[in-house]
Amino acid sequence: MTTLTLRAANPASTRADAVVIAVGRADQRLVAMAPGDSVAKAFGRSFHPVLSKLGFSGKLGELASLSGAGAVQAPLVVVVGVGDPQQVSAETLRSAAGAGIRAVHDAATAVLALPAGDDEELRAVCEGVLLGGYAFTAYKSAADQDPVGAVMVVTDIAREKAAKAALANAEQVCAAVNRARDWVNTPARDLTPQRFADEVTALDTPSRVKVSVWDENRLLDERCGGILGVGQGSVNPPRLVKVTYTPRRPVASLALVGKGITYDSGGLTLKTTAGLMTMKCDMAGAAAVVNATYAIAALGLPVQISCYAALAENMPSGSATRPGDVLRIRNGTTVEVHNTDAEGRLVLADALVLAREEQPDMIVDVATLTGACVVGLGTRTSGVLSNDDGLRDAIPATARLAGESMWPLPIAEEMKAKVRSSAVADIRQHNPEPYGGALFAAAFLREFVDEARWAHLDIAGPAFNDGEPYGYTPKGGTGAGVRTLVRFAQSLAEQADGASG
């Protein structure tokens, strides 16, 4: 695992196997940004011409590698493009740090000399390094490459208390994101509902955190018909994991609910061959809420958390739920099943009822729920739907601070009638029309929160990257949602602190 240290130093004269600097473009000229400008100065007049000959133009995300050539102490110089120097944001730095550290090969040590003049920029750079250096190698006979073991982040504020806090925050949050990535990347045969629950109970538990697991018998006793209905076709029975964090003086209470379909075959409504390939990722919502809860607790935030991970494997068999069956959710609502591949909303229904029973200030659920959201927003943006306009707008704003892309969507009024259009049960499970699927799914979930403030995060697009790595995002599981949930809890704490001050 990569370790980070902070130091106020000259990156040109610091001994390391590699140094990473940022270069932008302004007025048709390349501009090396401090503190990496000392590296450019050490090369003298040849620096910019050499970059130009390599085709480097300073565009965002562009990379170039140079030999230190005796000009600087490091034998390798990695140059990362950041675009317009006047428009460099925390997310730009996060992406640049991730891309830069991933371009460093066969190195034990590296120096990151990106702009980090305040704690927000420093936090972004540290997160970029820790997220960009991630690799899932559990099933590799030999790793493609070893991550950089030690990274020094150069910043003038290295000795300040805020800088040390920014580093500690980044380490806790990125550990949670990378653990979520590990779980999403693990093959479904090795992460059944029971094994997922075992992974959670085996974690080093922060202070004031408790974990409990309901097996299929307890789920039956607790009338969780949605979770049981989805899981009844599999030889691996379902589970519900509850993680609670109770700080000494909570200023707010937040319930987190995650969809944990450890493998989604579609059930009897079987997916296509191509659609089956990545369905180990259908538990990304549960991975996000559990790991966010642990990060919130590790950071000691004064926000009480009740986290529910609804775990099931959706498989076809003689005992599987059939289209046309009726399931009864914990609150007594009956649901007519129309499509067994729309199973996530069924397990979430029971978990949302349980969350509401805790009477939190608000509920947020996270799920890889609908292909319709991917069609509408693409593969890098999550949808946010809510019964509360303030919450629907606040979460995407928080996501931007965390470096995640989320977009508010409405729950159209006509969806209520569609959800309640079943002829044999209280509500129907699947949209009767081929459009508005993400809105219908949210309207379905809304049936189980009553008047509680609630938001739904549909992370179906960004939870799994099927393409090549970019920025600090790896191929495979991304840990989508974790950073936003932690930032949201931090914002609740800050709001309460501001109100009391």
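The model is predicted, so a few conventions come first: local features need pLDDT of at least 70, side-chain atom pairs count only at pLDDT 80 or more, and totals for chains, interfaces and linings use all residues. Residues are numbered from 1 along each chain as its sequence is written, and side-chain values use heavy atoms, with hydrogens and water left out.

Let us begin with the sheet of eight strands. Its order is β8-β9-β11-β10-β14-β18-β15-β16, and this open sheet has mixed pairing. Helices (H or I, at least four residues) and strands (E, at least two) are DSSP runs, numbered from the N terminus, and two strands pair if DSSP finds at least two bridges between them. At the edges you will find β8 (209-214) and β16 (406-408), each pairing on one side only. From one strand to the next, the twist averages 20°; angles run from 0 to 180 degrees between N-to-C directions, and axes are lines fitted to C-alpha atoms, for helices over the stretch in contact.

Buried means under 20% relative accessible area, exposed over 50%, and partly exposed in between, with a 1.4 Å probe and protein chains only. Strand β10 runs parallel to β11 (residues 303-314), joined by twelve bridges, and Lys-259 faces Ala-310 of β11. Another five bridges link β10 in parallel to β14 (residues 362-367), where Leu-254 has Met-362 as its bridge partner. Strand β11 also pairs with β9 (residues 239-245), this time antiparallel and over seven bridges, with Tyr-245 opposite Ile-305 in β11. Helix α13 (residues 389-402) packs on the sheet and touches β14, β15 (382-386), β16 and β18 (454-458), its direction making about 160° with that of β16. Contact means heavy atoms within 4.5 Å.

A second open sheet has three strands, in the order β12-β13-β17 and with mixed pairing. Strands β12 (326-328) and β17 (427-428) stand at the edges with a single partner strand each, so one side of each lacks a neighbour in the sheet. Two bridges connect β13 (residues 334-336) with β17 in the parallel sense, and Glu-336 sits opposite Arg-428 of β17.

Now turn to β7 (residues 150-154), a mostly covered strand with four of its five residues buried. It pairs in the parallel sense with β1 (residues 3-7) over five bridges, and with β6 (residues 109-113), again in parallel, over four bridges. Val-153 of β7 is the bridge partner of Leu-6 and also of Leu-112.

Helix α4 (residues 119-132) meets both α3 and α5 (residues 161-185). The axes of α3 and α4 come within 7 Å and cross at roughly 35°, in a right-handed crossing. A crossing is left-handed if the near helix is turned anticlockwise from the far one by less than a right angle, and right-handed if clockwise. By class, this contact of α3 with α4 has seven nonpolar, three polar and five charged residues. Ala, Val, Leu, Ile, Met, Phe, Trp, Tyr, Cys and Pro count as nonpolar, Asp, Glu, Lys and Arg as charged, and the others, Gly among them, as polar.

The axes of α4 and α5 come within 8 Å and cross at roughly 30°, also in a right-handed crossing. The contact of α4 with α5 has twelve nonpolar, two polar and five charged residues.

Our last stop is Met-33, in the loop between β3 (29-32) and α1 (37-43). With 14% relative accessibility, Met-33 counts as buried. Leaving aside neighbours within four places in sequence, Met-33 is in contact with Ala-22, Val-82, Pro-85, Val-88, Ala-113 and Pro-115.
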